[in-house]
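Please keep the view open while you read.

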Amino acid sequence: METRVLPFTDEAIAEAARLVLAGEPVAVPTETVYGLAADATKAEAVARIYEAKGRPSFNPLIIHVIDLDAAKRIGLFDAAAEKLAEQHWPGPLTLVLPVRRDAGTASIVTAGLPTVGIRVPAHPAMQALLRAVSRPLAAPSANASGAISSTQADHVLKSLGGRIPLIIDGGPTERGLESTIVAATGGTLRLLRPGPLQIDALMDNSGGAIEAPGQMASHYAPSKPVRLGATSAAAGEYLIGFGEIAGDETLSSTGNLVEAAARLFDLLHQADSSDKPRIAVAPVPDTGLGLAINDRLRRAAA
Ligand code: TXA
Ligand code: MG
């Protein structure tokens, strides 16, 4: 299959909508990472996502909708979930909620779970596609299963080229890390995946480990070994720097965590395609956005 890359324009969205309505998955930028979007109401269309990514079928997908009203037709909101949605949508927050019986989405999207992950994305390209198809879109990150996420159209092409018909190129994504996932299923809020939004204060994490079914120990993995907490490069290492540790390239020379999050996956891609056989990464503080960055780094190194 030939994979076309089109810049984000009205015509490109019209073409993406045509493909989605014909049951094909297309790659579209969101404010977090590029997503691989398909019609969430058609099991066959969703199955093509799993096929293109080579994703284990037990791993549920996030459903993207245009607004809170559309989300309420799919998931059951309690007061706490509704408040979070009102505060942070559109934006990089996914809510895991009990799925409604009459949601109309294919059960393959939730991998048979009684819950569903939903988010309202802030990126104009994903919003335009949602409007054009006027139906919910299932969209995991647009990368081969287990591999580094895509924050640029190039990354998608490298990972999924030949397996999907179209990539909408909206340039580098703003946040660079996947959405924060919060479960609002049992009367409490639980953080399932740290991300760009830090809303930990609201969480009851007494229940123990952070867990989303897709949060495998090894994830976001380059093809080379990764060493964390490196203060200098050993022989054969491509060093990704941070703050005072310069490296071959740096996440942020000023130690800015927002910049570091936005550059993380691109630098992992660059390190992976360099001529050095190993990758090392400078320490990133485990505070604020650093928690989400270190979560991704630990899985990349596992
Ligand atoms: O920012 C994002 O969230 C990006 C963009 C494209 O929206 N999407 C994304 O999707 O990161 P994905 O499939 O790569 O990660 C979704 C995560 C997985 O770890 C999955 O297990 C979890 O969300 N998830 C989805 N539905 C769930 C559910 N019902 N219960 C628990 N976890 C769920
Ligand atoms: Mg992913």
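## Two backbone details

Proline 90 sits in the loop that links helix 4 (79–88) to strand 5 (93–98); helices (H or I, at least four residues) and strands (E, at least two) are DSSP runs, numbered from the N terminus. The peptide bond leading from tryptophan 89 into proline 90 is cis, and its omega is near -5 degrees. Have a look, too, at the loop between strand 5 and strand 6 (115–119), where alanine 111 is placed. Alanine 111 is not a glycine, yet its phi is positive, at about 50 degrees. For context, most residues other than glycine have a negative phi, and most peptide bonds are trans.

## About the model

This is a predicted model, in which local features need pLDDT of at least 70 and side-chain atom pairs count only at pLDDT 80 or more, while totals for chains, interfaces and linings use all residues. Residues are numbered from 1 along each chain as its sequence is written, chains are lettered from A and ligands numbered from 1 in the order in which they are written, and side-chain values use heavy atoms, with hydrogens and water left out.

## Overall form

The protein chain contains eight helices and 14 strands. Its C-alpha atoms fill a box of roughly 55 × 50 × 30 Å along the principal axes. The radius of gyration is 19 Å, which agrees with the value near 19 Å for a compact globule of 302 residues; this radius is taken over C-alpha atoms, and the globule rule is 2.2 Å times the number of residues to the power 0.38.

## Where the domains meet

The domain assignment gives domain 1 (4–203) and domain 2 (226–301), with bounds that come from an automatic or database assignment. The centres of the two domains, taken over C-alpha atoms, are 26 Å apart. In contact (heavy atoms within 4.5 Å) are 20 residues from domain 1 and 16 residues from domain 2.

About 1,400 Å² is buried between domain 1 and domain 2, with 60% of it from carbon and sulfur atoms; buried area is the accessible area (1.4 Å probe) that two parts lose on being put together, summed over both. Ile148, Leu177 and Pro194 supply 41% of the area that domain 1 buries against domain 2, more than any other three residues.

One salt bridge is counted between the domains, a term for a side-chain nitrogen of Lys or Arg within 4 Å of a carboxyl oxygen of Asp or Glu. Glutamate 178 and arginine 296 meet through their side chains in a salt bridge, at 2.8 Å from N to O.
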